[in-house]
Amino acid sequence: MADLDDSFLDLPLERLRDAALSRATELGCSYADLRIERIRAANRSYRDRALESATTSETLGLAVRVLFHGVWGFASDIALTAEAAARLAERAVVTAKVALPLTPRRVELAEEPVYADARWVSSYEVNPFDVDEAEQHDRMLALSEQLLGAPGVTHSTASLAYVQENKYFANLAGTTTRQQRVRIQPQLTAVRVGESGFDTMRTLAPPAGRGWEYLTGHGWDFDAETAQLPEILAEHVAAPSVEAGHYDLVIDPTNLFLTIHESVGHATELDRALGYEAAYAGTSFATFDRLGTLHYGSPVMTVTGDRTVEHGLSTVGYDDEGVAAQEFDIIAGGTLVGYQLNRQMAAEKQLGRSNGCAFADSPGHIPMQRMPNVSLQPAPEGPTTAELVSGVDRGIYVVGDKSWSIDMQRYNFQFTGQRFYRITEGRIVGQLKDVAYQATTTDFWRSMEAVGGPSTYLLGGAFNCGKGQPGQVAPVSHGCPSALFRGVNVLNTAAEGGSR
């Protein structure tokens, strides 16, 4: 287990805290918090046998948020001095005063215990920033070479992204937290250029809250997956186009995680359900009046929000309001039973304690309600993927994510994938292509007949979930097992004018 970065701890964290919070108190704020953040991000891209681009960035700054007469004020800066921190408190109060006559409802915050000098580090072994760049390039180019050496592969592309995020948080109640988390996303794609155009096949390895060890066999076998890609691509090129119609679908977690993200994760953000996102990212069909009664899916559907799962991209020790990470139910037995909350919404709707879903992607942004790791739970004694397939007479096994579309209420959607396999009389009999499945959220999840057991469970996810004005991005994971859905509408994307 890694330790907190000494170079971050060497910053004048307590001096900045004292300056900002004492000034906020002097100005009459009922609540105030300070965040000091350093975010290091690296991106590498490769084409064939060469490094194409390499960028490394660092964001460092501090932010002060206050409640003045029940209205939020916020200000941020890059100057890490006590004087600057005190000025931020003053600026935050000024913004609250401007907003005061325009804010009809005064903000209250749900209660949360005090955590004094709490420290947390995510679960990783080797910080990618400690790995020599030559070693990184050698590893990625060796995997690319494995693709290029295979028959039928014309080109390869690869990318490597990794982030180290340090946060210091303090509030007037006495909570202080120091946190560090690391995440990584390697990806490789085999490209075939032929007479009819080009086809691609990408690795399925999800981004993970891990370190460099992820690329050396801890959590994923990149060598084995890369070796399989050319054969899978060749079969895809020769595969017949799907005939549109209704099919039973066995959906692999490498595809289903994205459907969970779009149709469950975003739909159960309480700020969206209450209309806070209406001017930008939309609302939700899962409105607050349906809590406890909405028949979201079938009885085998249990979905949790979780900020604690090991290697999750949204896993933290404490959120950006000082709330300790926790796990909670969102859907139980197919019924909507909970939402993702921050402290303001928990108090506004009298839901008790916040479940720790506040996050800001930089010191320049105010925290908002963001997604935890939202996951579909497996059946404890559930079937294997092969056993799910064996129960299908005419169907498709869907693997890997690709393009998607969903409406502003998170209700009507369409998803494609990387790979599709025809199922006939309980057996996989070869690939198909040009497949997309389409449904409404409730019809789709109500058609889920069975979920796989723990052996089929995988934690997928994305680095770049977008939300808010101004826009913010957040990393988030979604775990799920393989699952069986009956009678889902399947489109032919080539016939519909879509791309393959």
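Okay, two bits of housekeeping. This is a predicted model, so local features need pLDDT of at least 70 and side-chain atom pairs count only at pLDDT 80 or more, while totals for chains, interfaces and linings use all residues. Residues are numbered from 1 along each chain as its sequence is written, and side-chain values use heavy atoms, with hydrogens and water left out.

Back to Asp 48, then. You'll find Asp 48 in the loop between β1 (31-47) and β2 (50-68). When I name strands and helices, those are DSSP runs numbered from the N terminus: helices are H or I with at least four residues, strands are E with at least two. Asp 48 isn't a glycine, yet its phi is positive, about 55°. Arg 410 is another non-glycine residue with a positive phi, near 60°. Arg 410 belongs to the loop between β16 (404-406) and β17 (412-415), and it counts as buried because its relative accessibility is 9%.

While we're on the backbone, where is the cis peptide bond that has omega of about -5°? It joins Gln 469 and Pro 470. Pro 470 sits in the loop between β22 and β23 (472-480).

Strand β22 covers residues 458-467, and Gly 466 is part of it. Gly 466 is partly exposed, at 42% relative accessible area. What does Gly 466 touch, once we skip residues up to four places away in sequence? The list is His 266, Arg 370, Gln 472 and Val 473, where contact means heavy atoms within 4.5 Å. For a sense of scale, Gly 466 and His 155 are 311 residues apart in sequence, and their C-alpha atoms are 31 Å apart in space.

Now for the inside. In soluble globular proteins, nonpolar side chains tend to be buried together. A nonpolar core here is a set of buried Ala, Val, Leu, Ile, Met, Phe, Trp, Tyr and Cys residues joined through side-chain atoms within 4.5 Å. The largest core has 52 residues, and Tyr 296 and Trp 445 have the most contacts inside it. Helix α6 (residues 253-265) supplies the largest share of this core, 5 residues. There's also a second, separate core of 37 residues, including Met 201 and Trp 220.

Trp 445 is worth a look on screen. Leaving aside neighbours within four places in sequence, its contacts include Leu 256, Ile 260, Tyr 296, Leu 376 and Phe 485. Trp 445 also belongs to an aromatic cluster with Phe 413, Phe 415, Tyr 437, Phe 444 and Phe 485.

For aromatic pairs, rings of Phe, Tyr and Trp (its six-membered ring) pair if their centres lie within 6.5 Å; planes under 30 degrees apart are stacked, over 60 edge-to-face, and the rest tilted. That rule gives 15 aromatic pairs. Tyr 397 and Tyr 421 make a tilted one, 6.1 Å centre to centre with 35° between the planes. Tyr 397 is in strand β15 (residues 394-399) and Tyr 421 in strand β18 (residues 419-424), so the pair ties together parts 24 residues apart in sequence. Tyr 437 and Phe 444 are stacked, at 5.7 Å centre to centre and 10° between the planes. Both Tyr 437 and Phe 444 are buried.

On a 1 Å grid over the protein atoms alone, a cavity is a set of points where a 1.4 Å probe fits but cannot get out, and a pocket is an open set with protein on both sides within 12 Å along at least five of seven lines; lining residues have an atom within 4 Å of a point. Grid points are joined across faces, edges and corners, and volume is the space filled by probe spheres set on the points.

The largest pocket has a volume of about 810 Å³. Of its 31 lining residues, Trp 72, Tyr 276, Gln 344, Pro 367 and Met 368 lie nearest the centre. Which element gives the most to that lining? That's β3, with 4 residues.

Definitions and conventions:
Buried means under 20% relative accessible area, exposed over 50%, partly exposed in between (1.4 Å probe, protein chains only).
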